[in-house]
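Q: Could you walk me through this model before I set anything up with it? I'd like to go region by region.

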Amino acid sequence: MTPVVNDYRRVVDSLNYHRLTPEGVVKVNLPRIVIDLFFQDYFIAFKNACPNVTLELYATDRKVNIIESGFDAGIRYSQDVPKEMIAIPFGEKLSLIPVASPDYIREAGEPDTPQSLVNFRCINRCFPGGEKYRWEFIGPSGELSEVAVKGDLVVDADSAMIQAAESGLGIAFVYQSLVTQQLSAGSLVHLLPGYRYPADHFCVYYPSRKHIPAPLRAFIAWVMAQNKNILGQQTARHGSRPED
């Protein structure tokens, strides 16, 4: 085989390698809670799958213009994604639940409806602008309600809310997946189990453009593959395709 052919094959092999194993940097802007919820199952797993891609995660709860700020992609709740962006679901739909410690319940009792939460000491959640979150519930008959709870502790981190609730400082409204161990151990109790949160999911979003950089394309493809895995797991659990 001639040296020219050998050189050609080496070039083709190199191009195929880089096509199949993308290299480069993906810069993603995301809320801090996404780190808490998905770091192990999504971001570490992606790094194991694509070791040649440098993944830069910048966590902030403030809404950021990803184009002006130099990010390749962002992650936000679906309703917060700018309309001009391309968005794909990221992870399962998430639910928040009210929880409190057994000691607090023995002292203060339990609410029987979301509206009765105003009579209890609650650990409030605040947004970056300072506004407080109104707790949202869907009732047994499908009715939606919002409650402006009261309390003397306001924080913007779920980990702090969980610790405060375990310490008996009141009722917290936190992501259910973050308190599975506490619920199993009995250090926290799920309140108002007949009511549910209007679950939503996060989305990865990125600008619409003809040529997507290979590292970002690899990240998007990997997230879409994970979505298929989640759908398959849900179908296996429920015996049919879950409703959107």
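Q: Let's begin with H2: which of its residues are buried?
A: In H2 of this predicted model, the buried residues are Ile33, Val34, Leu37, Phe38, Tyr42, Phe43 and Phe46.

Q: Moving on, where does Cys50 lie, and is it buried or exposed?
A: Cys50 sits in the loop that runs between H2 and strand S2 (53-59), and it counts as buried because its relative accessible area is 13%, which is under the 20% cut-off. Along the chain Cys50 and Pro215 are 165 residues apart, while their C-alpha atoms are separated by 8.9 Å.

Q: What about Phe137, which strand is it in and what is it in contact with?
A: Phe137 belongs to strand S7, residues 135-138, and is buried, with a relative accessible area of 1%. Leaving aside neighbours within four places in sequence, Phe137 is in contact with a set of residues including Pro98, Pro114, Leu117, Phe173, Leu192 and Tyr195. Phe137 and Ala199, which are 62 residues apart in sequence, have a C-alpha to C-alpha separation of 9.6 Å.

Q: Leu192 came up there; what is its phi?
A: The phi of Leu192 is near 50 degrees, a positive value although the residue is not glycine. For context, most residues other than glycine have a negative phi. Leu192 lies in the loop between S11 and S12, and at 4% relative accessibility it counts as buried.

Q: Where is Gln182 found, and which residues is it in contact with?
A: Gln182 is part of helix H5, residues 180-185, and with a relative accessibility of 16% it counts as buried. Beyond its neighbours within four places in sequence, Gln182 is in contact with Ile162, Glu166, Ser187 and Leu188.

Q: Zooming out, how many helices and strands are there, and what share of residues is buried?
A: The protein has 6 helices and 12 strands, and 39% of its 244 residues count as buried. Among contacts between residues at least 6 apart in sequence, 77% join residues at least 24 apart. The protein exposes about 13,800 Å², with carbon and sulfur atoms supplying 51% of that area.

Q: Before I use the coordinates, where does pLDDT stay under 50?
A: One such stretch is residues 1-19, for which the model has 5 contacts beyond four places in sequence, and another is residues 240-244, with 8 contacts of that kind. Where pLDDT is low, the predicted coordinates should not be read in detail.

Notes. Residues numbered from 1 in each chain as written. Predicted model: local features only at pLDDT ≥ 70, side-chain atom pairs only at ≥ 80, totals over all residues. Heavy atoms only, no water. pLDDT = per-residue confidence, 0-100. Contact = heavy atoms within 4.5 Å. Helix = DSSP H or I, 4+ residues; strand = E, 2+ residues; numbered from the N terminus. Buried < 20%, exposed > 50% of the residue type's maximum accessible area, 1.4 Å probe, protein only. Areas by Shrake-Rupley, 256 points an atom, 1.4 Å probe, with all protein chains shown as cover.
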